[in-house]
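Here are my notes for you on this model, written as numbered points. Keep the 3D view open and click along as you read.

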Amino acid sequence: MLHVSVLLRAPASAISSRTLDVLPSSAKRCCMSTLAEAGPSTTPPKTVKRPPPSEDELRRKRRTEWKRRQNGQTFLDHTVIHAAQVWDGGDGCVAFHRELFKPYGPPSGGNGGRGGDVYILPTPHLTTLSSVLTRPRAQHGGGGQGTWQNGRNAPPLIIRVPLGTIVRELAPDDPRRSKNEYEAEAEAMQGLSPEERRAKMRENRWVHYPEYADDNAQREDFKHAERVLFAQERERRRARRLRAENPVFLDLDKPEEAAEAADPNAPLGHRRVEPMGHLIAQGGAGGLGNPAFLSPTNRSPKWATRGADGERISLALELKLLADIGLVGMPNAGKSTLLRALTGGRARTEVAGYAFTTLNPVVAVVRVAEDGTFDGEAAGAMHDETRVEEAHERALLDSGALAHAPTRNQRRPGAGHDAAEEAAADPLGAMEAFRFTVADNPGLIERASANVGLGHAFLRSMERSHALVYVVDLSAPEPWEELRVLREELEQYKPGMSGQARMVVANKADLLATTGENEGAAREEEVAAAREKLRRLEAFVAEGMRTSVAGNAEGERVEDRPLDVVPISAKYSMNLKKVVRLMRTYVEEARERKAAA
């Protein structure tokens with residue numbers, strides 16, 4: 001048995017025919033079956049391993065292809081929803097009361113419950129439409145039961161969308177629109193004869209007592225009830241046509257607040273009423289039970305109505321972010337680095353040396369104190385590429401330097417620290433006097449309107465910005481050509497949008513005159529060339545890029561100003577205080593005009 005177990009553990013190629021001859025018949029059969037299962041011995045061919053691609057190559061290819069396909073994305077700024085599954089109301093019940101010594105009681109069927117309504121509610125903490133269901137489904141109304149038990153009403157369905165969402169009802173000729181409830185019923189009855197169509201309509205609208213459908217159809221009371229039901233349905237169709245003349249259009253630019261919550265004199269101890277938003281589709285009404293058809297001539301009605309269908313509607317949702325300042329620039333102009341510098345590194349944007357690093361708009365908050373200081377103002381602060389900073393953080397983590405660093409919850413204000421520790425962790429927490437939002441957008445290149453690069457559909461996020469800021473690369477040979485391309489692409493997207501620009505940020509000014517290697521006359525020549533380039537840029541802006549600024553409370557454009565030109569270095573946080581001061585001025589002026597209006 002020991003030899004047999006050794007042979008079974010051995011590879012099939014090591015068992016020869018001479019070895020099998022010395023074994024008993026039972027062991028020989030076992031080993032032969034093992035050889036048959038193993039099959040012939042083959043040596044796998046050697047494969048030559050290719051060197052793996054670099055991390056930057058993989059990331060660039062994966063993210064660029066993902067953006068081009070537009071599948072599975074986490075940021076979505078436009079979508080179409082079909083509220084075509086708004087469930088109908090519950091059916092009415094046909095029943096009669098039965099109890100001891102009362103074999104023939106009165107009709108006791110309950111009414112059906114109402115179907116769920118659909119509301120749309122703007123929510124401040126959402127930033128994308130990717131969480132919105134394209135086919136929302138409300139619940140079905142409960143059916144009525146015997147002993148006068150009515151069905152339950154379905155709860156409403158609330159669709160939560162980000163602030164800044166525009167809701168439009170699709171036109172009847174739009175191919176994306178789905179059929180409403182009446183069109184769907186007409187389509188289902190195509191090809192039927194008049195008798196079959198009438199029978200189908202009765203089946204969809206009436207509930208009969210078992211084996212009484214044909215008898216009910218011959219009764220005058222049922223025919224009268226049918227005429228009344230069709231008259232009510234014609235009124236609903238007429239109301240629906242009138243409502244279609246004024247399609248749904250909502251501009252959800254501010255959060256909803258219930259009237260009870262805004263009332264300062266509301267009684268205490270009552271539960272706060274949460275806002276439900278705007279009604280976009282109504283659920284179907286519940287059906288009537290057979291007690292509703294009780295009359296002097298019919299004491300035992302054996303029919304009830306089914307619940308009505310809910311409304312079906314198709315809506316187009318378009319998200320326009322509510323950012324105060326929008327950054328517009330070519331790829332690799334330094335917009336993401338500028339956003340990180342303005343927020344002190346809190347905006348976790350992707351920074352790398354290749355084009356189209358930013359694939360979706362990113363919004364961050366800039367906090368300013370009374371003396372003009374802001375989050376990103378720190379001596380010697382440098383913002384490098386994302387991979388370099390991640391490698392530095394990983395090295396600190398491996399070395400144990402972050403072992404005693406406070407966690408995110410410990411850094412949260414009010415987490416058990418004294419005032420001195422909280423002030424040291426967040427210097428601007430107590431001195432903050434003003435804040436505004438800045439949006440970083442993907443790079444815009446020439447012919448983006450023809451879908452070159454990433455296109456310019458993402459510019460819808462900046463339509464509501466109070467001011468636009470051009471970001472150009474001052475180390476480029478001709479930065480004024482970048483300004484010309486950016487202005488033309490903004491006009492191609494929306495005529496007049498370039499009039500929202502207020503400032504030109506000349507980034508990467510530190511690359512024009514490096515210290516250490518170039519000294520003396522060579523460095524002086526670089527500085528002179530940089531100043532000449534900046535002078536030409538300012539002259540180009542003064543001559544061909546002027547903006548009209550509102551000069552009164554009514555918002556009339558009465559003053560023509562040139563754009564402000566500010567040279568900076570976002571990587572080394574140089575000259576950012578002037579940029580923040582000008583941005584604050586633009587936002588304050590816009591908010592004052594809005595408050596006056």
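1. Let's start with one pair of side chains. Arg-237 and Glu-233 form a salt bridge, and their closest N and O atoms are 3.3 Å apart. Both sit in helix H8, four residues apart, so about one helical turn separates them. Bear in mind as you look that this is a predicted model.

2. Glu-233, at 8%, is buried. The cut-off for buried is under 20% relative accessible area.

3. Arg-205 forms a salt bridge with Glu-233, with 2.7 Å between the closest N and O atoms. This pair links distant parts of the chain: Arg-205 is in helix H6 and Glu-233 is in helix H8 (residues 220-244), 28 residues apart. Arg-205 and Glu-233 are both buried.

4. Glu-185 counts as buried at 16% relative accessibility, and Arg-205 does at 10%.

5. Across the whole structure, a search finds 23 salt bridges.

6. Next, have a look at a sheet. Three strands make an open sheet in the order E3-E2-E7, and the pairing is mixed. E3 (157-162) and E7 (278-281) are the edge strands, each with a single partner, so one side of each has no neighbour in the sheet. From one strand to the next, the twist averages 35°.

7. How do E2 and E3 pair? Strand E2 (residues 118-123) runs in the parallel sense with E3, over six bridges. To find one of these in the viewer, pick Ile-120: its bridge partner in E3 is Ile-159. As background, strands of a sheet pair through backbone hydrogen bonds, either parallel or antiparallel.

8. Finally, zoom out. The chain has 16 helices and 17 strands, and 39% of its 597 residues count as buried. Of the contacts between residues at least 6 apart in sequence, 77% join residues at least 24 apart. The chain exposes about 34,800 Å², with carbon and sulfur atoms supplying 51% of that area.

Technical notes
Residues are numbered from 1 along each chain as its sequence is written. This is a predicted model: local features need pLDDT of at least 70, side-chain atom pairs count only at pLDDT 80 or more; totals for chains, interfaces and linings use all residues. Side-chain values use heavy atoms; hydrogens and water are left out. Two strands pair if DSSP finds at least two bridges between them. Helices (H or I, at least four residues) and strands (E, at least two) are DSSP runs, numbered from the N terminus. Axes are lines fitted to C-alpha atoms, for helices over the stretch in contact, and angles run from 0 to 180 degrees between N-to-C directions. Buried means under 20% relative accessible area, exposed over 50%, partly exposed in between (1.4 Å probe, protein chains only). Contact means heavy atoms within 4.5 Å. Accessible areas come from the Shrake-Rupley method with a 1.4 Å probe; for residues, only the protein chains shown count as cover. A salt bridge is a side-chain nitrogen of Lys or Arg within 4 Å of a carboxyl oxygen of Asp or Glu.
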